[in-house]
Amino acid sequence: MKKTIKLIAGIALSCFVMGIAGADVSSLRGGNDLANAAEKTKKAKIEKVSGGIARTWAEQPPMIPHDVDKYQISIKNNGCLKCHSAATYEKEKSPKVGDSHFLTREDKALEKVSSRRWFCDQCHATQKGLTPLVENTFETVGRSD
Ligand code: HEC
Ligand code: HEC
């Protein structure tokens, strides 16, 4: 009998604790039921940041500080290299791709961008001025600039 009472009390207590813990947890969908369509995300333009976006750590691929919609990358053509290649960057007043972009897997320097770095958007991404869904308190251990 005593055991049964203890068990019931235990269950009641854990339900109460779970109730409190669950009270301030809310889904990013808010009160929007799973069966309903998600709320539309706000439209936001790609941020243009003159002077570029500060890097968070030295080896970070810098974020793209401009629009990219017009530039395409296919197996034969790379729209980004119209401005960022060794041959064009001066005329286009654009930063040249990093020196690492000319190296093969065996660290041999090539004259043209290595195929390892051909698909720029594999590493470089644009930014949109949106409010983060979840607060981020990440702090860098050291900026390179
Ligand atoms: C019409 C010329 C042009 C084209 C095409 C272009 N860019 Fe840029 N890009 C620039 C210029 C100019 C800057 C420097 C902007 C500034 O710092 O104010 C820049 C900056 C960047 C940077 C930041 C570099 C740094 O050190 O902060 C990255 C990364 C970049 N571009 C990637 C790309 C990628 C990827 C593409 C193709 C999808 C591309 N760009 C296409 C002109 C261009
Ligand atoms: C595999 C990942 C990767 C790919 C693919 C890549 N990048 Fe980068 N990029 C980086 C990293 C990491 C850096 C910073 C360190 C460095 O320079 O290597 C960088 C640096 C840069 C910079 C700044 C250079 C400087 O001296 O400050 C530009 C501009 C750039 N990349 C453009 C491009 C373009 C254009 C392409 C496509 C042709 C491209 N990247 C492809 C990773 C990549």
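Biologist: What makes a residue part of the group surrounding ligand 1, and which are closest?

Modeller: Around ligand 1 there are 21 residues, with Gly52, Pro62, Cys80, Cys83 and Cys120 the closest. A residue gets in if its C-beta atom, placed from the backbone, lies within 6 Å of the molecule. Keep in mind that this is a predicted model, where local features need pLDDT of at least 70, side-chain atom pairs count only at pLDDT 80 or more, and totals for chains, interfaces and linings use all residues. Residues are numbered from 1 along each chain as its sequence is written, while chains are lettered from A and ligands numbered from 1 in the order in which they are written.

Biologist: And which residues come nearest to ligand 2?

Modeller: Pro61, Gly98, Ser100, Cys120 and Cys123, out of 20 around ligand 2.

Biologist: Why is Cys120 called buried?

Modeller: Buried takes 20 or more other C-beta atoms within 10 Å of the residue's own, with C-beta atoms placed from the backbone (exposed is 12 or fewer, partly exposed in between). Cys120 has 21 within 10 Å, so Cys120 is buried. Across the protein's 145 residues, 4% count as buried.

Biologist: How do you know what Cys120 touches?

Modeller: Contact means C-beta atoms, placed from the backbone, within 7 Å. Leaving out residues up to four places away in sequence, Cys120 touches Ile73 and Cys80.

Biologist: Where does Cys120 sit relative to helix H2?

Modeller: Cys120 is in the segment after helix H2 (81–84). The protein has two helices and zero strands, taken as DSSP runs numbered from the N terminus (helices: H or I, at least four residues; strands: E, at least two).

Definitions and conventions. Contact = placed C-beta atoms within 7 Å.
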